[in-house]
Amino acid sequence: MKWDRLKPSLSWMRSMSLRSKVTMITMLTCTFALIVSGVVQIAYTYGQARSMMLDDLETSAAGMGRNCQSGLLFADAVFVAEALEALDAQTHIQAAAVYDAEGVLCAVYPESQSVVPRSPLDVRRRFGADLLEVCVPIEHEVEGRVGSIYLRSDQSKIAQRMGQYYKGIALVLLMACLLSYVIASRLRGFLIAPIVDLARMTEKVRDEQDFSLRSTKTSNDEIGVLIDSYNEMLEGIEKRDRELEQHRGHLESQVEKRMRELRMVNEALRRAKDDAESAVRVKTDFLANVSHEIRTPLNGIIGMTGLLMDMGLLAEQRGMISTIRNCGEQLLTLINDVLDFSKIEAGKLELEEIDFDLRSVIEDVSDILAPKAEEKRLELLCMMHPKVPEFLRGDPSRLRQILLNLLTNAVKFTDRGQVMIEVACVQEDTGSALIKLAVHDTGIGVPPERMDRLFQSFTQVDSSTTRKYGGTGLGLTISDQIARVMQSQIQVESTVGKGSTFWLEARFKKQACAQRPPASPKELHGLKVLVLDDNRASRTILCQQLEAWGARPSAHAQAPEALEALRRAAATSEPYGLALLDFQMPGADGVALAATIHADEKLVSLPLVLLTSMAFIGKTRRLSEVGIAGHLTKPVKRGLLLDCLGTLLGQPDPTAEPGEQLPAAAEPSLFDTALRKRARILLVEDNVVNQRVAIAVLSRGGYRCEVANNGREAVEIFEGMPLDVVLMDCQMPEMDGFEATRAIRVLERERGEGNVPIVAMTANAMEGDRDRCIQAGMNDYITKPFNQASLYKVLETWLEVSMRRRGLITTESRAGAGAERQGQVDAFLGDAPALLGQLGDALGRGDAHRAVELAEELSKRARALGADEFAQRCDGLRQTCSRQDTEPALEALSRLEVSFSTVNAQLDGGGSGA
């Protein structure tokens, strides 16, 4: 049995004393040794007794055999039987038999015995369970073997002898155990006493905690070593206690000293925290005040320059004013960046969650940067992969801000090549989508060792970059911080001299009831479309979009190759049904190719669409003369492309994109001139410059207003006359806009009147300013500097509320406004071609003065209908004419004529309902 199996059976010994354990072990050991010795002795004795008995039995058999020789020689069985009767004296003999030389049984003892074998045994001796058997041959000196004799005896003789032996062994074992116990009892005191003394000493030290006690050593064996180690341990503990006692007083003094220092540090931290919070409040107030104070003169600069731009000025004067206005807008952008940075630093940047169209956001951003890209002759592209969900929920303003900063940087640091926005869907489920937005450029790139400076505040890659390109270095920092609030991060890859890619991955929720993308014309399904563009990315974008609409595009990078493809297809049963031609091409441009196609009688009926970048429009004045049925400005918007293709293929009114309507300023207005003059508007403004700007802008829109220099005057005017709208500044002397608004609301409640719309018109643009205005009782909020369109839009919104209440605006008046606008549209579309023709004639004669007048007339009439892009082109032509530069003026006129075809399609297709 293994020791591990014995452990549970010996567990009862654990509770015994050591003295008892030693005694028991000694006794068990001695007893076990004696038992083993006794067993061995008994086994040996038994073997010897049995051997002796066998020898005796064989001797008896040999003697009896000699007695039976004569009977066997003469075959006298009676004699043999009588000879066997001599065995009666040996009581242990149970049976006997004599066999002749042939092994035939001659005689048996006793006569009734039937257990003897019928023939001699094969062996000389044999043990049974409780008997002994021998079979001895009977030998004659002359005749040899004359027979054999068999004897059978029991073991009673052995048992008797062994019983006596067992008693002796047991007596000896008992005496030995008693002697062992006596010896163990005598010796255990010698062995156990030191251990018992050590245990008692340990208990005493434990109970009294007196480490000066020592145990007495009585021997040099292992117990002596144990006692020495125990005494050394007590000495070490005693020494350590003395040292701890010595250090305790010192430690207490040190703790008290540290506590005093900690209290001083905590007090200093509390004061620092209070100072920091106070500094944050001061900083916030300072930024709010600085924002207000800077925006106030900026409002005057931008507002007045805007009014001056619409006056008949000389080209040099317009250039100077345009420079002033651009500087003011750049300064306003800088202020907005600083305020955004302050909000991010203060942790007050919050995201809203509203429905928005991702494609509209991307296209809006590209529209803003398109003029700058055109100035630098860059290809601006937008690639939105077909499977990207467009109708999402999130904060489109912050997303637009990030993309605008990234795209602005890309255009700023790219001198040639292209800039592309790429939008892809990384992951999508039923409720959300992970969108990847990337901006690729072919600009100067960023060195790897300076990559870590990209997102640091107020820094750029190096000082030369700042000197050459300008900027504060805040754009990327703000974008990165906004991305982090959106649970994302802006990543960048860049190669010096080859360009950079900035991207982020942001998760947006999907709209519950998302709109469907516009349906493509049935005529596009299966239609072969040729795409000519030397820019690979542009070709890819156009082909992907056409394939998504069911068309079969074929892309080509060179004009000769495209022309050959058109001619080969025209000779087959599957000619091309449409061609998209880029203007800026190496060798023959798109217009020249269009002329070649138009001159071919097999291709003359092929609809052609020219893709133009406004700075690169060709020198021909009539695109229709070369067979161009329509043209689009890059980056090509999906909605405009779909509208254009639908018109060319016989569907002039496909499902319109929500973002492709005319600007809000071009919508029909409910307010005719007489109604605007009847509007009762109160302007509350303490700054004289701001008063002049606001009055001029309102006058330009046909409105008149009363002016109050502060809140107190505003309340007095309100008490004396009814008002339709109040334009309220917030920071004013004597009574600010918030107090004035609350006072007006109190007067309205006392009179039982409805609330007059109050619009906050303030330079405060910090986080929470809008909420503060609404809580004070104002209805809307517009920041200064403001543009005319935003002011008119807010003003007309609230004037409609007030004037409907007065009964001055009805459903019929809305219909009348639509009819009035339709008349203006018809007049413009009817007069514009003639004016453009006169403008071309004036340029041909070199009459710059007349050309300036005609361009100004076109600009005013287009701006009145909301066609701001066409109006801006007219303004650009007017500036070019003022410089007496004929060639650029003719190019500008060509661009203007192409732009008019787009305006014509929009206004003619939308009418007053645009």
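**Salt bridges and a helix**

Modeller: Let's start with E428, which is partly exposed at a relative accessible area of 42%. Keep in mind that this is a predicted model.

Colleague: Which residue forms a salt bridge with E428?

Modeller: K510 does. The closest N and O atoms are 2.7 Å apart. K510 lies in strand β12 (residues 499–510) and E428 in strand β9 (residues 418–428), so the pair ties together parts that are 82 residues apart in sequence.

Colleague: Is K510 buried, exposed or partly exposed?

Modeller: K510 is partly exposed, with 25% relative accessibility.

Colleague: Why would two such side chains pair up at all?

Modeller: Side chains of opposite charge can pair when their charged atoms come close.

Colleague: How many salt bridges are there?

Modeller: The count is 22. Another one joins R850 and E853, at 3.5 Å from N to O. Both sit in helix α23 (residues 848–864). They are 3 residues apart, so about one helical turn separates them.

Colleague: What about their accessibility?

Modeller: R850 is partly exposed at 32%. E853 is partly exposed too, at 37%.

Colleague: New topic. How far does helix α9 reach?

Modeller: Helix α9 covers residues 396–412, which is 17 residues. From first C-alpha to last, α9 reaches 23 Å. That is close to the 24 Å expected at 1.5 Å a residue.

Colleague: What caps its N-terminal end?

Modeller: D395 does. A side-chain oxygen of D395 lies 3.2 Å from the backbone nitrogen of R398. R398 is among the buried residues of α9, which also include P396, L399 and I402.

Colleague: Last one. Where is M778?

Modeller: In the loop between α20 (769–775) and β22 (780–783).

Colleague: Buried or exposed?

Modeller: M778 is buried, because its relative accessible area is 4% and buried means under 20%.

Colleague: What does M778 touch?

Modeller: Its contacts beyond four places in sequence include M728, F738, R745 and A760. A760 is 18 residues away along the chain, with its C-alpha 6.7 Å from that of M778.

Definitions and conventions:
Residues are numbered from 1 along each chain as its sequence is written. This is a predicted model: local features need pLDDT of at least 70, side-chain atom pairs count only at pLDDT 80 or more; totals for chains, interfaces and linings use all residues. Side-chain values use heavy atoms; hydrogens and water are left out. Helices (H or I, at least four residues) and strands (E, at least two) are DSSP runs, numbered from the N terminus. The expected span of a helix is 1.5 Å times one less than its number of residues. Buried means under 20% relative accessible area, exposed over 50%, partly exposed in between (1.4 Å probe, protein chains only). A polar contact is a pair of N or O atoms within 3.5 Å; within protein, one must be able to donate a hydrogen and the other to accept it, and residues adjacent in sequence count only if both atoms are side-chain atoms. Contact means heavy atoms within 4.5 Å. A salt bridge is a side-chain nitrogen of Lys or Arg within 4 Å of a carboxyl oxygen of Asp or Glu.
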